[in-house]
Amino acid sequence: MDKSIQGRIPYAWGEVQLATFDGERNHFVSLDMHACAIGSRGVYILSTLGSRQDVIAAVRMIRLGPCRHQLSLFNPDGTWRATHFRTGDLSIKKLRLDRDHWHLVVMSLNTRFLPSNSDEALWQTLTSERYTTPMLRSWIPYLREDLERRGLLSALTCVGCSSAMLYADTKEIDDAVTRGLQTGTIKIEDK
């Protein structure tokens, strides 16, 4: 590794291998994995490092669609998981770090995807134009617990990040707030 970027690159959690078949032969690309969030429908976030050639090849493979590529995630302990990217709802960003070291970030643009599963991210989502339920920040811990219990907020399998899927619509958020107010679990504070 070039000394100018040594120490600035985070520890790699494992390896990512992408494979495609173009009708004549298989193509493989391997990259270092730094963060990944996986759900039942594929990969929602992936942060990797590799050479320019490997990153460009990986982007081409991902854009082929889930029927044309397979993504294998290898953990340092030797375990692995095969999955794919869903097409049509991806943000793909490449950044040159130094000479032949490139950073590739692929992230889902699914409106239910929370790249961060923090209380702040949940607050920002629930107060966005997507939801019309009146909201106080102090209600977030209660709402998180209620949504998780009902399967409406589901943490993804993550390495190097913490992401989730929020399946609730406004009516379900309204119901949770109403229940919390009726039981006294949450209150409208007078400040």
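Student: Asp146 is said to form a salt bridge with Arg150, but what counts as a salt bridge?

Tutor: A salt bridge is a side-chain nitrogen of Lys or Arg within 4 Å of a carboxyl oxygen of Asp or Glu. Here the closest N and O atoms of Asp146 and Arg150 are 3.0 Å apart, and salt bridges that share partners join Asp146, Arg149, Arg150 and Arg179 into one network. Please keep in mind that this is a predicted model, in which local features need pLDDT of at least 70 and side-chain atom pairs count only at pLDDT 80 or more, while totals for chains, interfaces and linings use all residues. Residues are numbered from 1 along each chain as its sequence is written, and side-chain values use heavy atoms, with hydrogens and water left out.

Student: Where do Arg149 and Asp146 lie?

Tutor: Helices are DSSP runs of H or I with at least four residues, strands are runs of E with at least two, and both are numbered from the N terminus. Arg149 and Asp146 both lie in helix α3, three residues apart, which is about one turn of the helix, and their side chains meet in a salt bridge of 2.5 Å, N to O.

Student: Is Asp146 buried or exposed?

Tutor: A residue is buried under 20% relative accessible area, exposed over 50% and partly exposed in between, using a 1.4 Å probe and protein chains only. Asp146 counts as buried because its relative accessibility is 2%, whereas Arg149, at 59%, counts as exposed, and Arg150, at 30%, is partly exposed.

Student: Which parts does the salt bridge of Glu120 and Arg137 tie together?

Tutor: The side chains of Glu120 and Arg137 meet at 2.6 Å, N to O. Glu120 lies in helix α2 (residues 119-126) and Arg137 in the loop between α2 and α3 (140-149), so the pair ties together parts that are 17 residues apart in sequence.

Student: Which residues gather in the patch of positive charge?

Tutor: Lys and Arg count as positive and Asp and Glu as negative, with His and the chain ends not counted. A patch is made of residues with over 30% relative accessible area and no salt bridge, where like charges are joined within 9 Å and nonpolar side chains (Val, Leu, Ile, Met, Phe, Trp, Tyr) within 5 Å; a charge is placed at NZ of Lys, CZ of Arg, CG of Asp or CD of Glu. On this surface, Arg52, Arg60, Arg63 and Lys94 gather in such a patch, and helix α1 (residues 52-63) gives the largest share, three residues.

Conventions:
Areas by Shrake-Rupley, 256 points an atom, 1.4 Å probe, with all protein chains shown as cover.
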